[in-house]
Amino acid sequence: MKITSTSCICPVLVCLCFVQRCYGTAHHGSIKVTRNQTKHIEGETEVHHRPKRGWVWNQFFVLEEHMGSDPQYVGKLHSNSDKGDGSVKYILTGEGAGTIFIIDDTTGDIHSTKSLDREKKTHYVLHAQAIDRRTNKPLEPESEFIIKVQDINDNAPKFTDGPYIVTVPEMSDMGTSVLQVTATDADDPTYGNSARVVYSILQGQPYFSVDPKTGVIRTALHNMDREAREHYSVVIQAKDMAGQVGGLSGSTTVNITLTDVNDNPPRFPQKHYQLYVPESAQVGSAVGKIKANDPDTGSNADMKYSIINGDGSGVFSIFTDKETREGIISLKKPLNYEKKKSYTLNIEGANTHLDFRFSHLGPFKDVTMLKIIVGDVDEPPLFTLPSYVMDVYENAKLGTVVGTVTAQDPDSANNVVRYFIDHNTEEDRYFTIDTNSGTIKTAKVFDREETPWYNITVAASEIDSPGLLSHAAVGIKVLDINDNPPELAGDDDVVVCENAKPGQVIQTITATDQDDFANGQRFHFSLDDSLPLNPNFTLKDNEDNTASILTRRRRFSRTTQDIYYLPIVISDGGIPSLSSSSTLVIRVCACERDGRVRTCHAEAFLSSAGLSTGALIAILLCVVILLAIVVLFITLRRSKKEPLIISEEDVRENVVTYDDEGGGEEDTEAFDISALRNPSAAEELKYRRDVRPEVKPTPKHPTSFSLDSIDVQEFIKQRLAEADLDPSVPPYDSLQTYAYEGQRSEAGSISSLDSATTHSDQDYNYLGDWGPEFKKLAELYGEIESERTT
């Protein structure tokens, strides 16, 4: 199969088209293919075992941007099976088939119907097949081929990142790199010079230059000064076709700014300055400004001002305003025109950030002289005192004179001064002032107990200059008069114990008075004379601003009366003296022996104990159960006692049993055996006390032993013999017990048989110390003692 390709239409490329057409005819257009062999694009030969393959092709070429009215011829397809009788039909499929590329199905000619743009699409992949027109069966296998769009120079170079903004320091060396620009060309860089770009500078010479190949922009002059010119606009051109005639070009703008360096020292515009400052200037206020010029910007223009010498260095100071870079002159001490009328200052301004590369351009500081002239001004009146303290009595009438303030004109004119009160607060409205004399008077009636102190501000001005004011603070103290009666201090009730004695102090009372110490702190206490004498309580003035409440009788009872009322009159020592009457509430309470209150009434006791009704019921129930257990225990013990009669046969013989149990023979500590030794047994013979014998028996063995040699066993045998020989002994046995109780007790008898008829001066107060179990007994003996005393 043969392939014929035609792709040269442009007259400019006639020669190239001719060469390409000849080359295409020999190499691409007509491919001589034998069976089982395929020719590839790279020119390689590869053997395939594919029978009946008689055609194959690689690619066609078509020029872009075709402007003709007729379709552009691309090439021809031919199969070896085509005998020229029209029996072979050629079919074209793939990208652009039928729309961009059409084929004559009989001849196999391919045409392009549209103008193509290589920059949008560089090639198209299509498929061709030859079939039998009669049977529609393929005569050859389907083959793939490519139609490439051939480039022409139809795109100019473009700077995609422009325009550019760049900076470079001033005073830079020549050849300092500023920026590299790059232009791109959409044409095919592998075909001709369509995409070969060359750079040149159109605007910006002689300050800058550009490398034609790399596009690097550099400085072209030495020491470019920002202060002379800061901004530059450089135009760079990029041209394809290696800059030849007919090449396309594009341009961009590069805006270059020179950045500042500290290459300029500060300079004062003048060497001498003069400043006028009035003597009324306030200390700490700014009185003037001075500035040294520096052409640099930013931190390179920062500077610091200082006073290096001069007679005014102690009166004035200077600091730097960082925003405006000015030296602010302020006043350190007050000025007085009459004492000194002028001052001289030497002020230095120096850069704070130095660049040593440019130190040869220095020094980077400058000095100027400033003369300050003090101006004479009309000063406001001057008060004789910076502040005043006055006083006035409370309840004083309206218009009462409080005091006088005085101010004078410090100037030589000595103008008349007028006074007034600044009514800025409510307190300023409580007073008035005489405009000519400065006398302050009251405008209301004051109460010291409500407000004891007032602060007002008095202003003074000259008649000729009312705008010049001076002020003075005036503190007014309100003095006290005795206008408040004393009152009883505290509202708590007084407690009296039921067992209180006559003359006992039950409470010490005090009083309070709203008046001050001079009038309100001397009190006199007494009972109300208009009432009858109180039989229960009395009052004693302690003459130390306190009084004591005493009882007149003993024994108070809550059940009879639990609350008493005692009217008391309290008067102060003021002039005139004021008094008031108060009623003291006295409550009767049960107390301990040391005076501590136990309870005043049942409700108070329960509430103080913090017990609820349910808790009380539970406690009472427990007490009842305990009592029942005790009674049961006593009953059981009595029921277990052995009977006094041991033998039922002889009721006359019995042994009385006592529940005194010892610890046995080895127990030597439970019972002292020496108690059985009766010292009186050696002196006389004891007879039976239950019967009176008529005849004294004579002992068969006389007792001749001493107290120290008495043996218990011998003693018992002797008594047994006496009992056997005694004719008056009853005809039954009885047990006799001998015991020795020792000498007489120092405490005496504890029997209460004779206590009712014997008066004793014994003190039973110690019963109160035995605990709560003996409280009732202590109260009982206390009542007996008190009745006996009465």
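Analyst: Two strands pair if DSSP finds at least two bridges between them, and strands (E, at least two residues) are DSSP runs numbered from the N terminus, as are helices (H or I, at least four residues). This is a predicted model, in which local features need pLDDT of at least 70, side-chain atom pairs count only at pLDDT 80 or more, and totals for chains, interfaces and linings use all residues. Residues are numbered from 1 along each chain as its sequence is written, and side-chain values use heavy atoms, with hydrogens and water left out.

User: Which residue in β22 stands opposite F319?

Analyst: The strands β21 and β22 (residues 326-331) pair in the antiparallel sense, and six bridges link them. Within β22, the residue that stands opposite F319 is I328.

User: How many bridges join β29 to β32?

Analyst: Both strands belong to an open, mixed sheet of four strands in the order β26-β33-β32-β29. F420 stands opposite A459 in β32. The strand β32 covers residues 453-462 and runs antiparallel to β29, and the number of bridges joining them is five.

User: Is F774 buried or exposed, or partly exposed?

Analyst: F774 is found in the loop between α5 (712-725) and α6 (775-789). Buried means under 20% relative accessible area and exposed over 50%, with partly exposed in between (1.4 Å probe, protein chains only). Because its relative accessibility is 31%, F774 counts as partly exposed.
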